[in-house]
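I opened the model and kept notes on what I looked up. The entries follow in the order I made them.

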Amino acid sequence: MFGRNVGDKFGVSDGAWRRFLDRDVTPRFPEGFTVHDAWGQWRDPRSGRIVREPSKVITIAASDDRLARARVREVAEAYKRRFRQQSVGIVENQACVSF
């Protein structure tokens, strides 16, 4: 889950998001992924206030192994660095998937 605000303002444009996908997500998950638009809410641990912001959610179907988990963490860290984010939400679920 990727918040698009930088500080208190909308900061991750559609173009910046696409570049992030091209540079950081696609090389790690070339088999594919799905992006969803979302609206997120979380409590800032520093100030205690509720923050609401437009967000993106990426769904990735990948093998359950160390390499895939490392790649997910790399994507999250790249987003935090590039867009000055405190956190990126990651949810892992086991599933039976076929295409």
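Which residues does Ile50 touch, not counting residues up to four places away in sequence? I found Gln41, Trp42 and Arg43, where contact means heavy atoms within 4.5 Å.

Before going on, I noted that this is a predicted model, in which local features need pLDDT of at least 70 and side-chain atom pairs count only at pLDDT 80 or more, while totals for chains, interfaces and linings use all residues. Residues are numbered from 1 along each chain as its sequence is written, and side-chain values use heavy atoms, with hydrogens and water left out.

**Ile50.** I placed Ile50 in strand 5, residues 50-59. Ile50 counts as partly exposed because its relative accessibility is 33% (buried is under 20% relative accessible area, exposed over 50%, partly exposed in between, with a 1.4 Å probe and protein chains only). I also looked up Gly15, 35 residues from Ile50 along the chain: their C-alpha atoms are separated by 27 Å.

**Asp37.** I found Asp37 in strand 4, residues 34-43. With a relative accessible area of 63%, Asp37 is exposed. Leaving out residues up to four places away in sequence, Asp37 touches Ser55 and Lys56. Asp37 and Gly3 are 34 residues apart in sequence, and I read 10 Å between their C-alpha atoms.

**Whole chain.** I listed two helices and five strands, in the order β-β-β-α-β-β-α from the N terminus. These are DSSP runs numbered from the N terminus: helices are H or I with at least four residues, strands E with at least two. The C-alpha trace spans about 40 × 25 × 20 Å along its principal axes. Of the 99 residues, 29% count as buried. Of the contacts with a separation of 6 or more, 55% are between residues 24 or more positions apart.

**Helix pair.** I then looked at helix 1 (residues 14-25) and helix 2 (residues 66-83), which pack at an angle of about 140° with axes 11 Å apart. Axes are lines fitted to C-alpha atoms, for helices over the stretch in contact, and angles run from 0 to 180 degrees between N-to-C directions. The two helices are therefore oblique to each other (under 35 degrees is roughly parallel, over 145 roughly antiparallel, 65 to 115 roughly perpendicular, the rest oblique). On the helix 1 side I noted Ala16, Trp17, Phe20, Arg23, Asp24 and Val25, which meet Val75, Ala78, Tyr79, Arg82 and Phe83 in helix 2.
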